[in-house]
Amino acid sequence: MSTIPPPPLSDQDVADLLKPKAFWEQQGVIKSLIIALLSTIVIFGGIAFTVGRSEGWGAVQQAFFSRPDMRAAFPKVWEGFQLNIKMFMIAEPLVLAFGLILALIRIGTNPVLFPVRAIAIAYIDLFRGAPALLVIMMLGFGMPGLRISWLPNDPVFWGITACVITSSAYTAETFRAGIESVHRSQRSAARSLGLSNRQTFQHVVLPQGIKAVIPPLISGFVSLQKETALVSTIGPLEATRRAQIYSALNFNYSSYVIAALLFIALTIPLARFTDYLLQRSAKRMQMGGLA
Amino acid sequence: MIALLRYESVYKAYGQNLVLRNINLDVQEHSVTCLIGASGCGKSTLLRCTNLLEEIQHGAIWLRDIDLANSQKQADDLRARVGMVFQSYNLFPHMNVLKNITLAPVKVKGERRSEAEDRARDLLQRFGLLDKALEYPDRLSGGQQQRIAIIRALAMQPEVLLLDEVTSALDPEMVGEVMDIIIELKNLNITMMLATHQMGFASQIADNVVFLDSGSIVEQGHPSQFFSNPQHERTRQFLERVTMAI
């Protein structure tokens, strides 16, 4: 350590310090890239090598990834997939509405509504725990089995109903978590301005609570999309059912892979949208650091 | 002269814990009352009770000729007549500044939106914040947020404004801008009650300084005599402690 302090940087040097750097000029980026590349090659190369060298790979590839079979199965599977989309589009708004109503009943404190609250809690406990597949089968086979003349017989109707029942129990808990995450001080502020309990809830608590749980709600959409595949067990010719028919006739499972690809293609945009929302809210939080 | 606010023998407990004991106090119209005392002495609780955010267990709080503490039925109307500003600003994060200010006038008083917005813009302009009208709270500094919170309370044209340690959460360089707005309100003759830890500010702005200790009023008086010649030993000890801290 010298006794003379080093001279300050010249203006040019400071300007160099502040100059924006290209991505690859940043410290350690090249090294990180090389390591990432090598580990990717090792891991994926290893998997490909092991699977490709395995004795049965040829047969498995033929059974699951046969191009001609995929092409042949596609029209019917695609036709069935439209039924999945239809069931999802009908069920989702109902799930949101019903889930929100359940959540509102659950968080209420009015003593008169205690019985309703007890029913809501029992409903949520029951259908959040019961496997969707069982609910679908019980409604799909059980309800028409009752032979009540005015009840619909359509399995699609009962499939959608079962999806709504199970998903709304989940969604209710998501809404409740969001509403309860709104800080008490927000209520104090609204009440101090003279807003009634109801107005406070409607204009201050509920909008913030729902906003907080948009990403998990979208996650719920994705599960619901997949749940519609379970409706195949009670008969409707949706994508997985079509795939099953093809595979039974042709002794080839590639039709299932096509169905899976269609489901994946539908969920990826939603997943990216969720990422975008999360990123945006994280950015907003960081800006709060100024305060 | 009849006081704007009169506290009569007010007791308040949280469970087994008595936080206000026998509070008797008059707040005159157009006056500024400063509540001082150590943290937990009951300053904030007294303000929260005045705004009916807390129930009292005994006594009466009169706003002119209405007993606030015993009129549950019109509680919402009464709250609207008493404005309150909090230590942590509590702006609504999902609404822009203009919406924050106009929500209550539109929903509670039934003002037309355009009318309420005009008045909000007037207030923002007077306090130098008009350019923030369409910003969201998280884009503003703490000082700006707190000034907006004060404007939001003022937009309801309350008869008394309660300020609960409104500068305590702020960075030092932002305390001044919030104090300036409070001084301006005093010059506009707005009745205020403030809980504060800033003795210098209290002595500058108060018409009446009230010292609370363990939930009781120990001493009150005009700042000129209160700070220079406190009558009680406990007041002297408290003032010594806080001036030493500065």
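**Cavities**

I counted two cavities of 30 Å³ or more. My rule for a cavity: on a 1 Å grid over the protein atoms alone, it is a set of points where a 1.4 Å probe fits but cannot get out, and lining residues have an atom within 4 Å of a point. Grid points are joined across faces, edges and corners, and a volume is the space filled by probe spheres set on the points.

I note the basis here: this is a predicted model, where local features need pLDDT of at least 70 and side-chain atom pairs count only at pLDDT 80 or more, while totals for chains, interfaces and linings use all residues. Residues are numbered from 1 along each chain as its sequence is written, chains are lettered from A and ligands numbered from 1 in the order in which they are written, and side-chain values use heavy atoms, with hydrogens and water left out.

I looked at the largest cavity first. It holds about 50 Å³ of space. Its lining includes B:Leu163, B:Met179, B:Ile182, B:Leu194 and B:Phe201. B:Glu165 and B:Gln198 are also among the lining residues. By class I get seven nonpolar, three polar and one charged. Here Ala, Val, Leu, Ile, Met, Phe, Trp, Tyr, Cys and Pro count as nonpolar, Asp, Glu, Lys and Arg as charged, and the others, Gly among them, as polar. In chain B, α6 (172-187) and β8 (192-195) each supply at least two lining residues. Such elements are DSSP runs numbered from the N terminus: helices are H or I with at least four residues, strands are E with at least two.

The second largest cavity has a volume of about 40 Å³. I found residues of both chains in its lining, including A:Ser192, A:Leu193, B:Arg79 and B:Met156. The elements giving two or more residues are α2 (75-81) and β6 (82-85) of chain B. β6(B) gives the most, with three residues. The lining divides into seven nonpolar, two polar and one charged.

**Second largest pocket**

I then took the second largest pocket, with a volume of about 530 Å³. A pocket is an open set with protein on both sides within 12 Å along at least five of seven lines. It has 21 lining residues, and the closest to its centre are A:Leu104, A:Ile107, A:Gly108, A:Thr109 and A:Phe201. Elements of chain A that give two or more residues are α4 (67-107), α5 (114-129), α7 (155-180), α8 (184-192) and α9 (197-212). I count nine nonpolar, five polar and seven charged residues in this lining.

**Strands of chain B**

I traced an open sheet of four strands in the order β2-β1-β4-β5 of chain B, with antiparallel pairing. Two strands pair if DSSP finds at least two bridges between them. β2 (17-27) and β5 (66-67) of chain B are at the edges with a single partner strand each, so one side of each lacks a neighbour in the sheet. β4 (58-63) and β5 of chain B pair over two bridges. B:Trp62 stands opposite B:Asp67 there.

Next I checked β3 (32-36) of chain B. Five of its five residues are buried, meaning under 20% relative accessible area with a 1.4 Å probe and protein chains only. B:Val32, B:Cys34 and B:Ile36 point one way, B:Thr33 and B:Leu35 the other. β3(B) pairs in the parallel sense with β8(B) over four bridges. B:Cys34 stands opposite B:Leu194 in β8(B). β3(B) also pairs in the parallel sense with β9 (208-213) of chain B, over four bridges. B:Ile36 stands opposite B:Phe211 in β9(B).

Notes. Buried < 20%, exposed > 50% of the residue type's maximum accessible area, 1.4 Å probe, protein only.
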